[in-house]
Amino acid sequence: MSLSAPTSLLKVEEIEGRGRGMVASQPLKAGQIVLKDSPILLYSALPLITKSLSSSSSASTSCFCDHCFRTLPPSLQGGSSSSTILCPNCCYHRFCSSSCLSKALNSSHSSWVCQALSRLRANSLLLEQPLECQVQANFLIAAYNLANVSPSDFQIMLTLQGSPDDSTIGAAQFLHPLISSLCSLALISPQNGFSLEHTAALLAKDKLNAFGIMQPFSVDDDRRSVRAYGIYPYASFFNHDCLPNACRFDYVDANPPDDGHNTDFIIRMIHDVPQGREICLSYFPVNENYSSRQKRLIEDYGFTCNCDRCNVESNWSDNESVEDNAEDEEEVMDEDQCETMEASDTDNHPHEDNNDFPHAYFFLKYMCDRTNCWGTLAPLPPQGDTPSDVMECNVCGKLKSDDTIDIDEGQDGVSMED
């Protein structure tokens, strides 16, 4: 089973040296929504045993619904609260509503998942492992459950890119015996492909394709943690670029539109691009320096980035940052120069200038300046042929007009119309 492009706006192509990628099949406008994608698999990024928010003020111990991963209101965070909605079987996993509980019991928190996670929480050897290993266990339980509740989605996941390497093989050698001994279920049998090699292959798919769903933004927290991971089959086709032309929005804690879910991803264009241009996301905040970006890309995704930005910044000293260079450029960049650089996005590849720091304008216009945010700004969707002059941050949700006047902060009231 293979996936084709989800809309007429995009097409999937093999790109030399980059594998499969998403390419614009027609000219795309700034703010245009080019993809709405739903996860075929969601799983917790938290330790197997977590503390309640009531025992700590740290964001890393926030409580989330174990189905939709919304932040639970204070009334549902304490295990002893009479209003807490718990799984009736394990009395451990929390849910934001009776509706989420009902959906979970028939899908993501089936009776097998409930029993399996309960046994893992009692496994002292696993609890002694680093968080990454416990999260991998969460993933494998969710993945093998998916094979049972939605075999077609499980097959889609197997078509995604990713082959076992030393790290995933090592993790599989530890985790596979644990999962195979949990409890009987027809799907985890050699006849159905349940094997060490299959487990390693699944971990490889997860490593290359899982998207992190972050915990709520706070100006007081400079290191946001991940609340959950999701496999988004179409979004996984977007390759990385250190200066992306599109960015991802999610509204996990907001009320979704009538035809959507709170865990859906919205991919929106940052600026205009011509037909035939590859559409790329940044896999992490664009403010990270060269050495940090290269380290994350090689460790997490197995490749070294050779984009024009990386070629420029590889010559910088370790203590230089994109913010410093952007500020220096701002002092000498007048309005006409800014307009010229922005126009070049549609006519030429925006990375082809030869200045000492040719990408300064990106950081001046498209990087959020809110404390501890470092999100990417993209225009709101255009209304018909009229482009929006309001930019939205994909991390903190702040809205800002082109004249830099802040309009609003937070994500709850953001329009998501096409």
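Which residue in E11 does isoleucine 33 stand opposite? The structure is a predicted model, in which local features need pLDDT of at least 70, side-chain atom pairs count only at pLDDT 80 or more, and totals for chains, interfaces and linings use all residues. Residues are numbered from 1 along each chain as its sequence is written, and side-chain values use heavy atoms, with hydrogens and water left out.

Isoleucine 33 stands opposite arginine 268 in E11. Helices (H or I, at least four residues) and strands (E, at least two) are taken as DSSP runs and numbered from the N terminus. Strand E3 (residues 33-37) pairs with strand E11 (residues 265-269) in the antiparallel sense, over four bridges, where pairing requires that DSSP find at least two bridges between two strands. Four of the five residues of E3 are buried, which leaves the strand mostly covered; buried denotes under 20% relative accessible area, exposed over 50%, and partly exposed in between (1.4 Å probe, protein chains only).

Helix H8 (residues 290-301) has 12 residues and should span 16 Å at 1.5 Å a residue, in agreement with the 16 Å between its end C-alpha atoms; the expected span is 1.5 Å times one less than the number of residues. The buried residues of this helix are Arg293, Gln294 and Leu297. They cover an arc of only 95° around the axis, and therefore lie on the same side of H8, the arc being that of the directions from the helix axis to the C-beta atoms. What covers these buried residues includes strand E9 (239-240) and helix H9 (308-313). After H8 comes glycine 302, whose phi is positive, near 80°.

A search of the whole structure for disulfides (pairs of cysteine sulfur atoms within 2.5 Å) finds zero. Cysteine 87 is in no disulfide, and the nearest cysteine sulfur, that of cysteine 90, is 3.6 Å away. Cysteine 87 is buried, with a relative accessible area of 0%. Cysteine 393 is likewise in no disulfide, the nearest cysteine sulfur being that of cysteine 373, 3.4 Å away; cysteine 393 is buried, with a relative accessible area of 1%.

The mean pLDDT (the predictor's confidence in each residue, from 0 to 100) of the protein chain is 83, and 78% of its residues reach 70 or more. Confidence in the chain is highest in strand E4 (residues 41-44), at 98, and lowest in helix H11 (residues 335-347), at a mean of 44. Over residues 331-355 pLDDT stays under 50, and the model has 30 contacts beyond four places in sequence for them, a contact being heavy atoms within 4.5 Å.
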